[in-house]
Structure formats: structure tokens, C-alpha cells
Amino acid sequence: MQRAIYPGSFDPVTNGHLDIIERGCKLFDEIIIAILVHPEKQPFFTIDERREMLAEVLNDINRGTCVLRVDDFQGLLVNYAVAQEANAIVRGIRAISDYEYELQMALMNRRLEPSIETVFMMPAETYSYVSSRLVKEVFQLGGVLDGLVPKVVQKRMKEKVTKR
Ligand code: PNS
């Protein structure tokens, strides 16, 4: 039984994240998509909203027999991974610029908990420039997000600003 944690902020989930999850399903029996609860950060979406959107868009994932779960966590990722009896942490690497930070995190996590391996996965080239940060910036400046995030995320982003 190979269980992986796919951690992140997912604020919001992008098509790049979904591409990584779909690829991860070919390697793991179960993937827990774990949203970091970051008390100091001012997010666009609440944890509950992010959980809801993830749960909805995961329905469209080509997952084979892989079980997908959405959860949130606080504190050290490796502690959460051990508590979930996971073997691996999955992280997406889009470009070489991601690598330095990701390597640092992977090595620190390995030092903290040698039993958990970090697995780096590359998304499709189409998503190699897509990040939640840029998605929010483009949205706030009125740009089109078609193909970058799922339709439900676009809808929720629009609803969010009209409610403000
Ligand atoms: O989507 P993000 O914001 O790039 O995800 C970053 C995340 C959640 C993977 C990272 O910040 C994290 O693991 N935070 C938990 C705290 C922790 O374990 N810190 C030490 C990591 S070396």
C-alpha cells in the first residue's frame, strides 16, 4: 500500500495541480491532498472553500484505482505524513527555478523524518508556468483564466469578489 501526501496551499487549485494528481495516481494507491493551514497568511479562499473546490474537481480526475482524499494540516508536514502512515510526499516541479526551494524542503523533511521520501513530478508543459499566485494576479487584473483553473474555481473566484 503506497500512500502519498500531496501538500500545498491550493489557493486556488489549478489545472497544474490536477495534472500532478492524475500522474500521481499512476504511482500511488492513495493520495491525500493536504491543504496547509497557515495562520499568518491572508488567503483568497478559506480552508473550507479550498476543500470544497478540491473535492469537486477531483471527481473529474482519471484516477484508476487510486483513492483520493482531501484534508488539511497544521505544523510540520512530516509529522502529518507520519500520522497518516504515508510513505511519500509528492511535489510538482515546473521549472528549474522551483528546484532550489523544493530541494531545500525535501532535504529538510528527510532530515526531520528519514522514512518519508519526496517524489518530484513534472506537470505537462502546458502548465509549466501556471501557479496559484499568477492565477490570482491575472484574475484580479481582469485576465482570462480559461484552461488554467477548473471552471468551478473561476466561478467561485467571481462570486467571491462580487460578495466583497
Ligand atoms: O503550495 P505551497 O505553498 O508551495 O506549499 C508549501 C508547503 C505546504 C508544502 C510547505 O510550506 C510546508 O510543507 N509547510 C508545512 C510546514 C513545514 O513542514 N515546514 C518545514 C518544511 S521543510
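How do the residues of the lining of the largest pocket divide into nonpolar, polar and charged? I would like to start there, and to keep in mind throughout that what we are looking at is a predicted model. The lining divides into 21 nonpolar, 14 polar and 9 charged residues, and in total 44 residues line this pocket. The space in the largest pocket comes to about 1200 Å³, and the elements that each give two or more residues to its lining are β1, α1 (15-24), α2 (47-58), β4 (88-92), α4, β5 (117-121) and α5 (132-140). Of these, α4 gives the most, with 6 residues, while the residues that lie nearest the centre of the pocket are Pro-7, Gly-8, Ser-9, Phe-10 and Arg-91.

Let me turn now to the ligand, which sits in this largest pocket. Around the ligand we find Pro-7, Gly-8, Ser-9, Leu-36, Phe-73, Gly-75, Leu-76, Leu-77, Arg-91, Met-105, Met-108 and Asn-109. Sorted by class, this shell has 7 nonpolar, 4 polar and 1 charged residues. Both β1 (3-8) and α4 (96-112) supply at least two residues of the shell, and the largest share, 3 residues, comes from α4.

Which atoms of the protein lie 2.6 Å, 2.8 Å and 2.9 Å from oxygen atoms of the ligand? At 2.6 Å from a ligand oxygen there is an N or O atom in the side chain of Ser-9, and at 2.8 Å from a ligand oxygen there is a backbone N or O atom of Leu-77. For Arg-91, an N or O atom in the side chain is 2.9 Å from an oxygen atom of the ligand. As for how much of the ligand is covered, the ligand taken alone exposes 550 Å², and the protein buries 74% of that.

As background, most residues other than glycine have a negative phi, and most peptide bonds are trans. Phe-10, although it is not a glycine, has a positive phi of about 50°, and the peptide bond from Asp-11 to Pro-12 is cis, with omega near 5°.

Terms used. Residues are numbered from 1 along each chain as its sequence is written. This is a predicted model: local features need pLDDT of at least 70, side-chain atom pairs count only at pLDDT 80 or more; totals for chains, interfaces and linings use all residues. Side-chain values use heavy atoms; hydrogens and water are left out. A residue is near a molecule or strand if one of its heavy atoms lies within 4 Å of it. A polar contact is a pair of N or O atoms within 3.5 Å; within protein, one must be able to donate a hydrogen and the other to accept it, and residues adjacent in sequence count only if both atoms are side-chain atoms. Accessible areas come from the Shrake-Rupley method with a 1.4 Å probe; for residues, only the protein chains shown count as cover. On a 1 Å grid over the protein atoms alone, a cavity is a set of points where a 1.4 Å probe fits but cannot get out, and a pocket is an open set with protein on both sides within 12 Å along at least five of seven lines; lining residues have an atom within 4 Å of a point. A molecule sits in a cavity or pocket if more than half of its atoms lie within 2 Å of its grid points. Helices (H or I, at least four residues) and strands (E, at least two) are DSSP runs, numbered from the N terminus. Ala, Val, Leu, Ile, Met, Phe, Trp, Tyr, Cys and Pro count as nonpolar, Asp, Glu, Lys and Arg as charged, and the others, Gly among them, as polar. Grid points are joined across faces, edges and corners, and a volume is the space filled by probe spheres set on the points.
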